[in-house]
Amino acid sequence: MKSDILIRAVCKGLNKTRGVTIRTPEEGEQTVLIDDVEQSLSSLGFDVDAKYAEELELSQGAEVRVKRNAMLQESDSIMHQDRWGNLTKAKQNEWIAYRQALRDVTSQSGFPTSVSWPSKP
């Protein structure tokens with residue numbers, strides 16, 4: 001996975017020599033062998049580990065948002081007038097708090113790697 005993200009993040013594409021063509025402002029376009037990509041990028045001043053961590057965080061954030069959106073969508077049926085009206089005021093407040101907690105998941109200090117999911121009422 002790391003190499004896939006790395007190559008997508010900085011590379012133009014594979015060429016006929018099974019190398020990767022990369023562009024840098026300082027050195028222009030270069031071709032490096034696949035096995036040497038990480039080492040070559042590091043030698044060009046590219047922080048491979050930082051870019052990987054950034055891409056991984058973006059990916060994890062997207063996964064958390066998908067789960068959160070599914071949980072919100074699942075609870076949408078409770079919000080319909082015919083079901084909502086049958087709930088006690090206390091239960092309505094629980095559902096309101098639950099849905100707000102789902103919306104606030106992305107504001108948690110551990111997002112996206114450590115998420116505390118709210119319990120469904």
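**Helix H5, length check.** I started with helix H5, residues 89-103. With 15 residues at 1.5 Å a residue, I'd expect a span of 21 Å, and the end C-alpha atoms sit 21 Å apart, so the two agree. Worth noting here that I'm working on a predicted model.

**Helix H5, which side faces in?** Next I looked up which residues of H5 are buried. I found Gln-92, Trp-95, Tyr-98, Arg-99 and Leu-102. They cover an arc of only 125 degrees around the axis, which puts them on the same side of H5.

**Ser-75.** Then I went to Ser-75, which belongs to helix H3, residues 48-75. Is Ser-75 buried or exposed? Its relative accessibility is 3%, and the cut-off for buried is under 20%, so Ser-75 counts as buried. I then asked what Ser-75 is in contact with, leaving aside neighbours within four places in sequence. I got Trp-95, Tyr-98 and Arg-99. Those three names are also on my list of buried residues in H5.

**Whole chain.** Stepping back, I counted five helices and three strands in the protein chain. Read along the sequence, I get the pattern α-β-β-β-α-α-α-α. The chain has 121 residues, and 26% of them count as buried.

**Contacts and surface.** Looking at contacts with a separation of 6 or more, I see that 40% of them come from residues 24 or more positions apart.

Conventions
Residues numbered from 1 in each chain as written. Predicted model: local features only at pLDDT ≥ 70, side-chain atom pairs only at ≥ 80, totals over all residues. Heavy atoms only, no water. Helix = DSSP H or I, 4+ residues; strand = E, 2+ residues; numbered from the N terminus. Buried < 20%, exposed > 50% of the residue type's maximum accessible area, 1.4 Å probe, protein only. Contact = heavy atoms within 4.5 Å. Expected span 1.5 Å × (residues − 1). Arc of directions from axis to C-beta.
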